[in-house]
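Trainee: Before we discuss particular residues, could we look at the model together and settle the terms as we meet them?

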Amino acid sequence: MAEQRAVEPVIRDVREKGRLEAYVDDVFAAVIVYFALDEEPHALVAVHTVVDADHEGRGIAGALVREFYAIAAREGVPVVPLCPYAAKWAARHPDEAPPAAAEVVRAAKRQLAATPGLW
(Lines give C-alpha, C1' and ligand atoms only; values in the text may rest on other atoms or scores of the structure.)
Protein backbone atom coordinates (compact mmCIF):
# COMPACT_ATOMS: atom_id res chain seq x y z
CA MET A 1 0.00 0.00 0.00
CA ALA A 2 1.39 3.40 -0.95
CA GLU A 3 2.14 5.88 1.80
CA GLN A 4 -0.59 8.50 2.17
CA ARG A 5 0.40 12.15 1.89
CA ALA A 6 -0.73 14.68 4.46
CA VAL A 7 -3.54 16.92 3.29
CA GLU A 8 -5.16 20.17 4.40
CA PRO A 9 -8.86 19.38 4.54
CA VAL A 10 -11.67 21.88 4.22
CA ILE A 11 -13.35 21.92 7.63
CA ARG A 12 -17.01 22.83 8.17
CA ASP A 13 -18.65 23.37 11.55
CA VAL A 14 -22.22 22.06 11.35
CA ARG A 15 -23.14 23.28 14.84
CA GLU A 16 -26.85 22.50 14.62
CA LYS A 17 -25.99 18.83 14.08
CA GLY A 18 -22.99 18.76 16.44
CA ARG A 19 -20.54 17.85 13.69
CA LEU A 20 -17.18 19.25 12.69
CA GLU A 21 -16.66 17.75 9.25
CA ALA A 22 -13.56 17.50 7.06
CA TYR A 23 -13.63 17.26 3.27
CA VAL A 24 -10.83 16.47 0.84
CA ASP A 25 -11.48 17.42 -2.79
CA ASP A 26 -15.17 17.94 -1.88
CA VAL A 27 -15.40 14.37 -0.55
CA PHE A 28 -16.36 13.71 3.10
CA ALA A 29 -13.25 12.47 4.92
CA ALA A 30 -13.78 12.71 8.70
CA VAL A 31 -15.92 14.06 11.52
CA ILE A 32 -15.82 15.01 15.17
CA VAL A 33 -19.21 14.49 16.78
CA TYR A 34 -19.64 17.01 19.59
CA PHE A 35 -22.04 19.01 21.70
CA ALA A 36 -22.03 22.33 23.51
CA LEU A 37 -22.32 22.00 27.25
CA ASP A 38 -25.65 23.35 28.52
CA GLU A 39 -24.09 24.63 31.75
CA GLU A 40 -21.74 27.59 31.98
CA PRO A 41 -19.11 27.97 30.57
CA HIS A 42 -20.76 26.22 27.61
CA ALA A 43 -17.70 24.12 26.77
CA LEU A 44 -17.42 22.26 23.49
CA VAL A 45 -17.35 18.52 24.16
CA ALA A 46 -15.74 16.15 21.64
CA VAL A 47 -17.51 12.79 21.82
CA HIS A 48 -16.25 10.80 18.85
CA THR A 49 -13.79 11.17 15.97
CA VAL A 50 -14.17 9.07 12.83
CA VAL A 51 -11.98 9.12 9.71
CA ASP A 52 -13.20 7.46 6.52
CA ALA A 53 -10.99 4.46 5.73
CA ASP A 54 -9.91 5.99 2.40
CA HIS A 55 -8.52 9.03 4.23
CA GLU A 56 -6.75 7.45 7.22
CA GLY A 57 -3.14 8.29 7.94
CA ARG A 58 -3.22 11.69 6.26
CA GLY A 59 -3.39 13.96 9.32
CA ILE A 60 -7.07 14.75 8.92
CA ALA A 61 -8.14 13.78 12.45
CA GLY A 62 -5.39 15.96 13.90
CA ALA A 63 -6.45 18.87 11.70
CA LEU A 64 -10.03 18.45 12.92
CA VAL A 65 -9.06 18.42 16.59
CA ARG A 66 -6.77 21.43 16.10
CA GLU A 67 -9.65 23.36 14.49
CA PHE A 68 -12.03 22.21 17.25
CA TYR A 69 -9.73 23.76 19.87
CA ALA A 70 -9.34 26.89 17.72
CA ILE A 71 -13.12 27.31 17.49
CA ALA A 72 -13.43 26.97 21.26
CA ALA A 73 -10.65 29.51 21.78
CA ARG A 74 -12.36 32.00 19.46
CA GLU A 75 -15.60 31.51 21.41
CA GLY A 76 -13.83 31.80 24.77
CA VAL A 77 -14.94 28.38 26.02
CA PRO A 78 -12.99 25.29 27.08
CA VAL A 79 -12.88 21.95 25.28
CA VAL A 80 -13.67 18.67 27.01
CA PRO A 81 -12.11 15.87 24.94
CA LEU A 82 -14.20 12.84 25.93
CA CYS A 83 -13.25 11.25 22.61
CA PRO A 84 -10.11 9.10 23.12
CA TYR A 85 -8.44 10.43 19.96
CA ALA A 86 -9.07 14.06 20.91
CA ALA A 87 -7.80 13.40 24.44
CA LYS A 88 -4.56 11.85 23.12
CA TRP A 89 -4.11 14.75 20.69
CA ALA A 90 -4.62 17.26 23.51
CA ALA A 91 -2.02 15.49 25.67
CA ARG A 92 0.49 15.72 22.79
CA HIS A 93 -0.29 19.41 22.11
CA PRO A 94 -0.66 21.10 25.53
CA ASP A 95 0.24 24.49 24.04
CA GLU A 96 -2.85 24.32 21.78
CA ALA A 97 -5.13 22.34 24.07
CA PRO A 98 -5.50 23.79 27.56
CA PRO A 99 -7.20 21.39 29.95
CA ALA A 100 -10.74 22.07 31.08
CA ALA A 101 -11.48 22.50 34.77
CA ALA A 102 -12.51 19.31 36.59
CA GLU A 103 -16.03 20.61 37.26
CA VAL A 104 -16.52 21.30 33.53
CA VAL A 105 -15.40 17.76 32.69
CA ARG A 106 -17.85 16.36 35.26
CA ALA A 107 -20.69 18.47 33.81
CA ALA A 108 -19.84 17.26 30.29
CA LYS A 109 -19.88 13.62 31.42
CA ARG A 110 -23.26 14.15 33.13
CA GLN A 111 -24.76 15.70 29.99
CA LEU A 112 -23.39 12.93 27.78
CA ALA A 113 -24.77 10.25 30.14
CA ALA A 114 -28.18 11.97 30.08
CA THR A 115 -28.24 12.05 26.27
CA PRO A 116 -26.68 8.75 25.11
CA GLY A 117 -28.04 9.13 21.58
CA LEU A 118 -25.66 12.01 20.81
CA TRP A 119 -23.60 9.81 18.55
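Mentor: Let us begin with a definition: a charge sits over a ring if NZ of Lys or CZ of Arg is within 6 Å of the ring centre and within 35 degrees of the ring normal. This is a predicted model, in which local features need pLDDT of at least 70 and side-chain atom pairs count only at pLDDT 80 or more, while totals for chains, interfaces and linings use all residues. Residues are numbered from 1 along each chain as its sequence is written, and side-chain values use heavy atoms, with hydrogens and water left out.

Trainee: Which residue lies over the face of Y23?

Mentor: The rule for a charge over a ring applies here to the ring of Y23, and the distance from the ring centre is 4.0 Å. Y23 itself is buried, with a relative accessible area of 14%, where buried means under 20%, exposed over 50% and partly exposed in between, for a 1.4 Å probe and protein chains only. The residue over the face of Y23 is R12.

Trainee: What kind of pair do the rings of Y23 and F28 form?

Mentor: Rings of Phe, Tyr and Trp (its six-membered ring) pair if their centres lie within 6.5 Å, and planes under 30 degrees apart count as stacked, over 60 as edge-to-face and the rest as tilted. By this rule the count comes to three aromatic pairs. For Y23 and F28 the centres are 5.9 Å apart and the planes stand at 80°, so the pair is edge-to-face.

Trainee: Which element has the lowest mean pLDDT?

Mentor: pLDDT is the predictor's confidence in each residue, from 0 to 100, and for the protein chain its mean is 93, with 94% of the residues at 70 or more. Among the elements, strand β5 (residues 79–81) has the highest mean, 98. The lowest mean, 95, belongs to helix α3 (residues 102–114).

Trainee: Where is H55 found, and is it buried or exposed?

Mentor: Not counting residues up to four places away in sequence, H55 touches V24, V27, F28, A29 and I60. Of these, F28 is partly exposed, with a relative accessible area of 31%. H55 is found in the loop between β4 and α1 (60–75), and at 8% relative accessibility H55 counts as buried.

Trainee: Which peptide bond is cis, with omega near 10°?

Mentor: Most residues other than glycine have a negative phi, and most peptide bonds are trans. In the loop between β3 and β4, which holds P41, H42 also has its place, and phi of H42 is near 55°, a positive value in a residue other than glycine. The cis bond is the one from E40 to P41.

Trainee: What is the phi of D25?

Mentor: D25 lies in the loop between β2 and β3 and is exposed, with a relative accessible area of 67%. D26 is also placed in that loop, and at 71% relative accessibility D26 counts as exposed. For D25, a residue other than glycine, phi is positive, near 50°.

Methods
Helices (H or I, at least four residues) and strands (E, at least two) are DSSP runs, numbered from the N terminus. Contact means heavy atoms within 4.5 Å.
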